[in-house]
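Please read the numbered points alongside the sequence and the model.

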Amino acid sequence: MSNYSLRTRLGRRLDQVAARDIPDNLDLWPRIAARRVGTRPPAEARNWVGPALDTRRRPPSSSPASQATEESLLLNTAAEPEPVPITQRRWAREGLKLVAAAIVFGLVGALLALALRDDGNDGNVAAPVPTPAPIFTPSVAATPVAVQPSATTAPATTATLPSSQTGSLPVIEPVLVTIPVGQDPQTLAAGAGSVWVTNSSDGTVSRIDPATNEVIATIEVSSAGSHTAEAIVASDTAVWVTAGPTQLVQIDPSTNEVVATVPVDPPVDAPVISDGVLWTWSEDSNLLRRFDPATTSFNASTSIVRPLRTIVTEGAVWVLHDAGRGTDSEILKVDPTTGDVVATVSLDGYYALSMLVAGESIWIPTTDGALLQVDVETSQVVSVYPYPEAVGRVPLATTGEGRVWVCNCTNEPNDVIWQFDISTEQWSARIPVGDLFWEGSLVFLDNALWSYSQEDAIIRIQLPD
Amino acid sequence: MVVDERDAIKRMKAGDIRGLETLVRAYQVRAVRAAYLITHDRPLAEDIVQTAFLRAYERIAQFDAERPFGPWFLRSVANDATKAISRRRSTMSLDSVADRDVEDAAGLDPPDPGPSPEALLLRAESDGELWDALGRLPLVQREAIVLRYHLELPEAEVAARLGVATGTAKSRLHHARKRLQKLLGGTRSHRTSTDQVVERLATADPANGTMEGGTER
């Protein structure tokens, strides 16, 4: 029997199908090389993975010299590119070499003659000839093998912590508690003194009491047979779950019973709750909507393209959305009374899938190596805090009691959660978590971080007092 | 390979185009296949991948050399393939079924989800059948399937690449699998667990079809 996972075998089957027309010996390099000769890179490259708000971290533009070197390398590659118009350039280069050689020979000859004529004066024959280096420079620069990285092509500084802080963070050895729940836990929420988790394949919600670390209720929320429970949001008086995902289900935390099931069309993604009002958004419909629990109906909506996450602050709803290029995000500030977008916060090329509220700021754990701070008053990014180490995947994050935690959860043995202290504006600790976490959600309650493992269990990470 | 890759990226950052050649030779086949699974158009897939490599070279100064190049690059190729197809959407008949997403999303699915769609995917009688079924998926579902199963990304990364929440990505994969189930002619008599699927695969007779049946390459 194969030891490969089902997912891997599915991937292989797809690869097998594609391989019928895309053979293993495919060779794109000649065409790529030819295209490279025919195009020039832009003077300043567009943001890609780790762009920066700090202009000191911006990459320098390519210099003409580096372009010339690059081109000569392409033209001397072992591959066979398609014909390119280089003949005249090559002749010019050869001509330059001949002229340079003639000048050198002339200079050497003249100096030799002078030395011989002065021979009787000091007894030295053929004194050392000054090297006419500048004359040779053009031909040397055009030689493909002599590649010297230009200072202007040095890589941009990536998002890493200053050396004074790297590796010096205090380590918090976590105390872990494992709490089994239903099948395929998906989203966690903290509210009404409990941790709530959706079990997506069971269509249920588990409620965990942090005082005992026990599941004190398992609540079925999906309609018969649909077996899905996805996003969840909790307050002291209500818990809302998306099931289906075409249903909004309300749970009363005082009884642990479903008290309302509302069909929603189009379906909604992760809702947020504030002052008893539910804000929902949907990537499928590109809508931000306000849901009134009292009437169990939507009473306002506004169009937002490709929303990713919504949060609420006093007097504003903030929507993180994909800026349309697939590599960076923006935050839109929406007036909750009119639905108008009143401000746009550019993340300048950073990409993020979540944001948090703490104090007077919005915190954005980006996928590109930094935690961003947005001031809610000015609607501007005011600080960029590079992660202590590179992130491998979409980081999980949560906040509480003046701290922000970002988990670089890659399911690798050296995964870590970094703790950021808002008051000191410093990364203040690292919490090694092993390979427990892969994806999902992270919440803070009772001085502990909560997430889930791949073993259908909630993991409580107790922090020191 | 990791050493070669890091060296290649260093060379590219130093302006040495030959670093790109190393990466092209390492990832071109997988990248074109991923793009091809999404576009169903080989010339277009090859063009997308060529462009993606050139773009990577032009922007290599901003790439964190500590991060693996392959996963990022393959994700960007899949994204480019989807965008390219989106631009041609009005002329491609295979996307006309995208509207059927609404049916699934509206809760019209039968109560019993039937046999595992993943099992059906593996049990497709021929490569051609699977290819046709894949081509009849709505574009967003096809991209999700390729990201999740061909490129083997976790759901959170599928979500990141699709620009949606993880829950949305899960839903999209769920609907994609169910549509494949219909396209591959699944019955609805019982639910098949993953373990049962793997067991059936392991005991299947390869002579009766093109299913892998546990053979490792």
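1. In this predicted model, strand S10 of chain A is joined to strand S11 (residues 277–282) of chain A by 3 bridges, and the two strands run antiparallel. Within this pairing, A:Ser274 is found opposite A:Val277, a residue of S11(A).

2. The pair belongs to an open sheet of 4 strands in chain A, arranged in the order S10-S11-S12-S13 with antiparallel pairing. Its edges are formed by strand S10 (272–274) and strand S13 (297–303) of chain A, each of which pairs on one side only. On average, and with direction ignored, neighbouring strands of this sheet are turned by 25° against each other.

3. Attention may next be given to the second largest pocket, which holds about 1200 Å³ of space. Its lining consists of 47 residues, of which A:Leu188, A:Arg309, A:Met355, A:Leu356 and A:Leu442 are the closest to the centre of the pocket. Among the elements that give two or more residues to this lining are S10, strand S2 (185–191), strand S14 (307–313) and S18 of chain A. Helix H10 (166–183) of chain B is also one of the elements that contribute in this way. Sorted by class, the residues of the lining comprise 30 nonpolar, 14 polar and 3 charged.

4. Strand S18 (residues 356–358) of chain A deserves a separate point, as A:Ala358 has its place there. Is A:Ala358 buried or exposed? A:Ala358 counts as buried because its relative accessibility is 12%, and the cut-off for buried is under 20%.

5. Which residues does A:Ala358 touch, if those up to four places away in sequence are not counted? The contacts are with A:Trp363, A:Thr399 and A:Ile422. Strand S22 (396–400) of chain A, like S18, gives two or more residues to the lining of the second largest pocket.

6. Some totals place these details in the context of the chain. Chain A has 6 helices and 28 strands. Of its 465 residues, 49% count as buried. When contacts in chain A between residues at least 6 apart in sequence are considered, 45% of them join residues at least 24 apart.

Conventions:
Residues are numbered from 1 along each chain as its sequence is written. Chains are lettered from A and ligands numbered from 1 in the order in which they are written. This is a predicted model: local features need pLDDT of at least 70, side-chain atom pairs count only at pLDDT 80 or more; totals for chains, interfaces and linings use all residues. Side-chain values use heavy atoms; hydrogens and water are left out. Buried means under 20% relative accessible area, exposed over 50%, partly exposed in between (1.4 Å probe, protein chains only). Contact means heavy atoms within 4.5 Å. Two strands pair if DSSP finds at least two bridges between them. Axes are lines fitted to C-alpha atoms, for helices over the stretch in contact, and angles run from 0 to 180 degrees between N-to-C directions. On a 1 Å grid over the protein atoms alone, a cavity is a set of points where a 1.4 Å probe fits but cannot get out, and a pocket is an open set with protein on both sides within 12 Å along at least five of seven lines; lining residues have an atom within 4 Å of a point. Grid points are joined across faces, edges and corners, and a volume is the space filled by probe spheres set on the points. Ala, Val, Leu, Ile, Met, Phe, Trp, Tyr, Cys and Pro count as nonpolar, Asp, Glu, Lys and Arg as charged, and the others, Gly among them, as polar.
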